[in-house]
Structure formats: C-alpha cells, structure tokens
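Please look over the sequence and the structure below before reading on. The notes after them are grouped by topic.

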Amino acid sequence: MTRPLWIKHASQLATLLSTQKGPRTKEAMSELGIIEDGSLWIEDGIVKAVGTTEELEKQFSGRIPEAEIYDASGYLVTPGLVDPHTHVVYGGSREREFEMRLEGATYMEIMNAGGGIHATAQMTREATEEELIRQTTKRLDSFLEHGVTTVEGKSGYGMDLETEIKQLRVMKKLREQHPIDLVPTFMGAHAVPSEYKGREDEFVEYIIDEMLPIVAREKLAEFNDVFCEKGVYTPEQSERILEAGKRYGLTPKIHADEIEPYGGAELAAKVGAISAEHLLKASDEGVKMMAEAGVIACLLPATALYLREEAAKGRKMIDAGVPVAISTDCNPGSSPTTSMPLVMNLACISMRLTPAEALTAATYNAACAIQRVDKVGSLEVGKQADIVLWDVKDYRELQYLFGVNHVKAVWKKGVQVVNKGD
C-alpha cells in the first residue's frame, strides 16, 4: 500500500465533469467542472474524492497525517492530456523533406516520388525492435513533459506483415515499460507499397486475408485505420478494409478528407467509425452525417500548420453538433511534435475553439476517441489519477500564453512522473 496523495489548494481544479454523457458536443464542450481552491484525494492510483480543500480536509481529517501532501496554491490542475492520434513508433527522420516543401514540393509529390510514408516505411523496416523502442521512448518521455499521459499509436510504417507486426509488438512492450498508456491501432492501409503499384486491390486483399487475422489473433490492436484519400485508398477499398476489421473485433477509424473532398467523412458515418481524422476538406454533408452518427472529429491543427494548409473547420463542426477531439498527429513527415499544449493553442487560433473547448477536446473527448473515457479524460471518483499541474492560475491562460509549455508536475496513476521543481 502506498501513501495517499492529497493535492490541495489548486487555484482552479478543472475536473471536466459535465451533464452530458458520451462524447461532448456543442455547449457541453465548455463544461469544465471548475472547482476554485480545488482538492483531490488519491489512493492506489485512483481518485477517491474531489472537492474543495475545505471539504476534503473535513472528509479525511483523521488520515491527513499519513498522506503525501502537494500544495497546488496558485496553480491550475487538470486531467492528464490524451493524444488520440499519433504515429509515434517509426524509424529515422525526414528533415530533408521539410526543406523540400519549403522549396515548393507538395506532400503528395514527395510521397509519389518515393518519399513521405514510403521513406519512413523503409527506415522502419530496417530498424530493429530495440532501435524502435529506444527512439519511441524518447518521444513518449517528451509527451509526458508536455502533460500527456495517454497516447494512441498507429502502425503503418511497414505495409508488410513483418514490419506492421514489429511496430505493434514494440507498442506492446512499451506499454509494459513506460508510464504512458499506449493504445494500439493497426494501420496497414497507410499507403500502398511501391511494389504493389498498379495492383492496389491485391494489397487490399493482403491486408484483409493475411494481416488482419494475425493482428487479431495476437491481440495486438484495438482499432483499424485506413488512409482514405485520392491516390491512396478509394472509399470502396477503405470500406472493405474497415468492415473486415470489424469482423475481427477492431473498431474502425479513418484518415478522411485531408487533401481533397473524397467522401471520407461520409464513409466514417456509414461504417460506424469511432472517429474520423484530419477532415480539412470534409464536405458539409459529411459533417452533418458525422454529427448524426456520433462520429468524433479528431482534428490535427499542427499538421495543417506544418504543411501550410488551412486548418479544419473546428468551429463549424462543433456548431453542427460534431464531438471534436484534437491531437498532435506526431509523425516524422507532417507533424514531428509531441506538444499537445501547442495543439490546444492552435485549436483556438486556427480553428476558433474556445479555451474551454480546446481543453475538453484534449482530455475528455480525446479519451472517448480511443475508448478510454471510463479510465481517463476527467478527474472523477474511480478514475485513474492522471493529473497535470500547470504553472498558471486560470485555464484560459493555457491558450492565451501560447507556444509555452506550462507543465510543472505530472502524476500517472498517482505516481509523480514529472517534477520541474521550483
């Protein structure tokens, strides 16, 4: 038994409690459940009580001498951030492509010339599991430093059976070694390998007949994702892959409408995807269908910034009733960042989310997008004690003072994993 942890006197405790169940939409995305002079009592990694400092002082008066006490006076306390869309496991880097884009090359031009996803796939194929673990550990450490305690990770930098399985096994090992909860997604359909060019339907069959059965049998993933985009996978091919994954118990996700309108948002609603990602070019009809189906829009404003594209219409999606989550899209080509605080800033600046909506999108709704809301995403009795202490007094300062990492301390399951001291 570990000592209880009592975090008291928070200037603001943003619990993320809300009257709306399930993914938050419209006005519910602004409900942060703020408690002034807030306090948390934690035992064995679980939140046991939430309230004002005065309330918890009375409730636990007989046990205070045995508790580890953290005085959060002058600080904001929130749930640990949740990143619901990353490609965090990969080999190598692509800094030369960054330079090429600045010189005028487009993302798809680089990819079609053998760069982009194909380049990372080659480097990931060549990397050993130990090398991938070492590289990914550094990224996960950086996520923690930025207040992120739960991360979704996709395969997809192999596009062959051996490397896809290698990526997923690396994630499995890291879940045992690293404090961050790493949630695995299979994405064999990230691109079409060069050796299958002109035979795309054959590769679709390979994914369905060869890859998915092994991923399911070894229980290596919870979700199945596909890049539905012109020049990558058609809506028809994407639907076949996602429906096949459902038969193996994998929940569908979909990279949709990133480069041009292509029916990805509509397909997400049709197949019952838990989330649709990117959505920069999503049609009005697709947004409407997502709202009706309850599909979460996972928006990636750092990717749009990095590619110098107009961000997804987050404000319009929220107003239409779509639940919105946000993510770094951490990957080597279009968003090599681990900073969810920056992503929250960009959600406000480039997509017109309010500070409250951005925080909800990075916690509660993000947890819903990876089916973890029963454990993380809010500070409620019975949930994991994943907590961030921020060196600001008011939640609005997180977005107002942009481009700064305000994290002072992080607890994962009640254990302090980041301590920046005084």
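This is a predicted model: local features need pLDDT of at least 70, side-chain atom pairs count only at pLDDT 80 or more; totals for chains, interfaces and linings use all residues.

Residues are numbered from 1 along each chain as its sequence is written, and side-chain values use heavy atoms, with hydrogens and water left out.

**Helix 7**

- Helices (H or I, at least four residues) and strands (E, at least two) are DSSP runs, numbered from the N terminus.
- Helix 7 has 18 residues, 200-217, and should span 26 Å at 1.5 Å a residue; the expected span is 1.5 Å times one less than the number of residues. Its end C-alpha atoms are 25 Å apart, which agrees.
- At methionine 211 the helix bends by about 35°, the bend being the angle between axes fitted to the seven residues ending there and the seven starting there. Proline 213 follows within four residues.
- The buried residues of helix 7 include Phe203, Val204, Ile207, Ile208 and Met211. Buried means under 20% relative accessible area, exposed over 50%, and partly exposed in between (1.4 Å probe, protein chains only).
- Among the elements covering these buried residues are helix 6 (161-177), strand 8 (181-189), strand 9 (223-228) and helix 8 (235-247).
- Lysine 219, which follows helix 7, has a positive phi near 55°.

**Cysteines**

- The whole structure has zero disulfides, a disulfide being a pair of cysteine sulfur atoms within 2.5 Å.
- Cysteine 298 is buried, at 0% relative accessible area. Its sulfur is 12 Å from the closest cysteine sulfur, that of cysteine 368, which is too far for a bond.
- Cysteine 330 is buried as well, at 2%. The closest cysteine sulfur to its own is in cysteine 298, 13 Å away and too far for a bond.

**Annotated binding site**

- An unreviewed UniProt entry gives the annotation "binding site" to Tyr157, Asn331 and Gly333. Although spread over 177 residues of sequence, they cluster in space, with a largest C-alpha distance of 11.6 Å.
- UniProt positions are given in the numbering used here, feature names are shortened, and annotations may be inferred rather than shown by experiment.
- Tyrosine 157 lies in the loop between strand 7 (148-154) and helix 6, and is buried at 2% relative accessible area.
- Asparagine 331 lies in the loop between strand 13 (324-326) and helix 13 (340-351), and is buried at 5%.
- Not counting residues up to four places away in sequence, asparagine 331 touches His87, Tyr90, Tyr157 and Pro336; contact means heavy atoms within 4.5 Å.
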